[in-house]
Amino acid sequence: MIIVMKIGSPEAEINRLCDELTNNWKLTPEKIVGRYKVVIGLVGDTADLDPLQLQEMNPWVEQVLRVERPYKRASLEFRNGEAGEVIVPTPNGPVPFGLHHPLVVIAGPCSVENEEMIVETARRVKAAGAKFLRGGAYKPRTSPYSFQGHGESALDLLAAAKEETGLGIITELMDAADLPRLAEVSDIIQIGARNMQNFPLLKKVGAQDKPVFLKRGMSATIEEWLMAAEYVLAGGNQNVILCERGIRTFDRQYARNTLDLSAIPVLRNLTHLPITIDPSHGTGRAEYVPAMSMAAIASGTDALMIEVHPNPAKALSDGPQSLTPDRFDRLMQEMSVIGKAVNRWPQAVPALV
Ligand code: PEP
Ligand code: MN
């Protein structure tokens with residue numbers, strides 16, 4: 001259930017209502033301050049609570065609505081229909097993700113391989129306009145014989161790249177035991193497609209305060225994905241960013257996955273959470289990444305995650321879908337045209353030499 005307060009409701013009245021709901025009704029009110037109005041999300045058993053009774057309880061209550069969807073906190077209704085934002089602190093300053101902010105570009109290699117390559121990639125993607133460096137330390141590989149990531153030592157290399165460039169860091173968490181060390185370096189914690197429904201892991205990242213980047217499971221419905229986000233939100237962490245990275249369909253001959261770009265407008269209707277598109281895993285082929293990146297911007301994505309490697313032919317993972325830094329530079333130029341057209345690209349793009 002959500003309570004929409006009238007514009008200009010005094011803080012003291014909102015707090016009085018929250019106290020009453022906590023003490024007399026044993027509910028957990030969550031105050032959400034939107035652009036125009038304050039909304040109180042009510043969590044708990046509201047079956048006996050009559051909306052009319054609530055309206056009579058406080059003259060500042062404008063409207064009381066029941067949230068019918070199974071995901072409550074993730075739903076758009078929970079914020080009275082307003083898109084939300086996730087603001088991530090980085091050494092270069094806070095970076096906001098969300099509909100009312102510029103497009104955020106996250107770029108970097110699939111895996112952190114050595115210091116030189118990660119620092120060099122970080123410099124290049126920063127110069128091109130990216131705000132975050134991605135790079136896997138712990139890699140979820142289909143085969144146990146494939147490169148598994150350098151683990152903790154890769155976190156040190158990400159820290160060195162961050163120190164050098166001031167970029168925010170995003171890296172994947174697979175095992176809750178690695179969380180404390182990973183969170184020291186990573187500004188956003190990635191939960192990969194294969195762990196989207198790892199509920200104990202979702203509860204763990206819900207109980208800490210670093211923003212969570214939740215990739216869509218490769219066979220997950222939108223509702224299952226939003227229910228996974230709900231686990232993190234219900235754990236107390238309100239900073240969840242969704243990432244569509246391609247789903248399994250019947251044809252895998254020419255593209256690794258099917259990038260579901262329709263997820264962008266669908267999610268806009270269902271949730272307030274910011275949306276990212278990952279065209280690299282979405283297609284599995286570097287040559288398709290530019291077209292999908294531009295289509296994603298035109299479709300209203302809030303962010304893009306793009307794999308960039310200094311020498312894709314030699315990459316230890318996901319080389320075929322990785323762009324070279326030069327190709328990434330050009331892509332940023334190409335994307336700026338679409339980004340400006342949809343008013344999401346105020347940042348300057350350095351000219352190519
Ligand atoms: C990755 O980002 O490198 C990755 C493994 O992604 P996904 O979980 O989408 O496969
Ligand atoms: Mn990858």
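Visitor: Which elements make the right-handed β-α-β unit with β11?
Guide: Together with β11, α7 and β12 make up that right-handed unit (clockwise from the first strand over the helix to the second, with the strands pointing away from the viewer; helices are DSSP runs of H or I with at least four residues, strands runs of E with at least two, numbered from the N terminus). The model is predicted, so local features need pLDDT of at least 70 and side-chain atom pairs pLDDT 80 or more, while totals for chains, interfaces and linings use all residues, and side-chain values use heavy atoms, without hydrogens and water. Residues are numbered from 1 along each chain as its sequence is written, with chains lettered from A and ligands numbered from 1 in the order in which they are written.

Visitor: How many bridges join β11 to β12?
Guide: Four, and strand β11 (residues 212–215) runs parallel to β12 (pairing takes at least two DSSP bridges). F213 stands opposite I241 in β12.

Visitor: And β13?
Guide: Strand β13 (residues 275–277) pairs with β12 over three bridges, also in the parallel sense. There, E244 faces I277 of β13. The chain passes from β12 to β13 through helix α8 (residues 263–270), in a right-handed β-α-β crossover.

Visitor: Is β12 buried or exposed?
Guide: Five of the five residues of β12 (residues 240–244) are buried, so the strand is largely enclosed by the rest of the structure (buried is under 20% relative accessible area, exposed over 50%, partly exposed in between, with a 1.4 Å probe and protein chains only). V240, L242 and E244 point one way, whereas I241 and C243 point the other way.

Visitor: Are H281 and E307 buried or exposed?
Guide: Both H281 and E307 are buried.
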